[in-house]
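Visitor: Could you walk me through this one, starting with the DNA?

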Protein chains: 2
Amino acid sequence: MISVSLVEDHADTRESLAALIDGAPGFRCASVHASAEEALQNIPKQNPDVALVDINLPGMSGIECVAKLKNLLPQLPILMLTTYEESELIFNSLRAGARGYLLKKMAPMELIPAIEQVHAGGAPMSMPVASKVVEYFQQRQNASSEMEKLTQREQEILALLAQGFLYKEIGERTGISFSTVRSHLRNIYEKLHVQSRTEATVKYLGAR
Amino acid sequence: MISVSLVEDHADTRESLAALIDGAPGFRCASVHASAEEALQNIPKQNPDVALVDINLPGMSGIECVAKLKNLLPQLPILMLTTYEESELIFNSLRAGARGYLLKKMAPMELIPAIEQVHAGGAPMSMPVASKVVEYFQQRQNASSEMEKLTQREQEILALLAQGFLYKEIGERTGISFSTVRSHLRNIYEKLHVQSRTEATVKYLGAR
DNA sequence: AGTTCCATAGGCCGTTCGGCCTATACCACG
DNA sequence: CGTGGTATAGGCCGAACGGCCTATGGAACT
């Protein structure tokens, strides 16, 4: 029996979701909450198996609610359920600790398997959401045109540099001398059009 | 009719996949390729609707193959199909331009809907893969808890620091003295548990 | 055989950074 | 009315950095 808590301010949506969950064999709606504040007070008492949270709530947003819930119940898998598919909302929700992100326009029948999936350790996402997440990784590809001009060795040294190692330590780790590290860095800086360690680090991190 | 090209070195896997695709109504296996090199030469001629690529290929890896294919055919949606679920392989595949990532251990019947999904602009991922992708976003959460301990002023200065400005320049931009910049930085470094500009920059960039 | 790229190595020198110290003024909370 | 947190400011000093210079050996391509 998987118990589910809902956080949703619209009364009718809330009730139809509760009915849908209670109507599915093996699922139970543990509690419903009309606001983030109320949810934070009461969900820990219920200790459900899964939480379904709307983003657009009065007062504290659903995203903040997820972050605070994660602090109280780090093991609780949380699903966002919302109308919005803006990238920023998606990414912020995931950063806050949500494990899945569903759009309300999806077929209600798909909700139950999604709850099952997130309970089993999965990360259910509606199709356009998964696309945006994948595209997030690909953006970083563009900035790496300058990075491609670096030789293997140079990339290796840059990776260490970006982790904060001293020139001396980079030399030890790669088996070359301090002077050679500096020679490589000179070339790296020129190729990346930067003049400092920090700028090189920013470019390096931005390109992955 | 959705046409699919395969890149897979194991002959038996390759043939059973081809048979599976040709056996599905509305799907056609456009071509099969045993190596990345061969695929790069011939897939552009076939111009399929979808490509399925294995990671573990002799010679050029499947990930490199995806990157080069993306250059030749930027619109082609590519699905990785592989045994490995290491995070680095997943992330590198997505960075290279793959739109989905499937594990071979999944049920063969799920392959066809996944191809359909990626062709429709989706991003199909096997359950453990989607989990790892979501967890990638959550890592950033940890680093930002330290960031929250910084005062407004400190965050402002850190932002400039992470862009590579000299202490002197940071002072000019914020209207405070060089010495005060250093005082703030001392506190910032202590709060973030770092001892260099580069480490602070990495934490800062990782938390956004 | 010559050219070009890469990895290796070093010297010199001024600038920047970061650790350690102290100090004042303000504001809020108890 | 003290206590603590924040923003401001400075001195001293050694370590680290980065710009400039040159140089050699190997690999690859022409």
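**Around DNA strand D**

Guide: The surface near DNA strand D, where near means a heavy atom within 4 Å, divides into four nonpolar, eight polar and five charged residues. Here Ala, Val, Leu, Ile, Met, Phe, Trp, Tyr, Cys and Pro count as nonpolar, Asp, Glu, Lys and Arg as charged, and the others, Gly among them, as polar. This is a predicted model, in which local features need pLDDT of at least 70 and side-chain atom pairs pLDDT 80 or more, while totals for chains, interfaces and linings use all residues. Residues are numbered from 1 along each chain as its sequence is written, chains are lettered from A and ligands numbered from 1 in the order written, and side-chain values use heavy atoms, without hydrogens and water.

Visitor: Which element gives the largest share of that surface?

Guide: That is α9(B), with five residues; helices are DSSP runs (H or I, at least four residues), numbered from the N terminus.

Visitor: Switching topic, how are the two copies related?

Guide: Chain B can be laid on chain A with an RMSD of 2.4 Å by a turn of 180 degrees and a shift of 1.1 Å along the axis, superposing by least squares the C-alpha atoms of residues with pLDDT of at least 70 in both. The copies are thus related as by a two-fold rotation axis.

Visitor: Which residue of chain B comes closest to the rotation axis?

Guide: B:Thr198, whose C-alpha is at 3.0 Å.

Key
Helix = DSSP H or I, 4+ residues; strand = E, 2+ residues; numbered from the N terminus.
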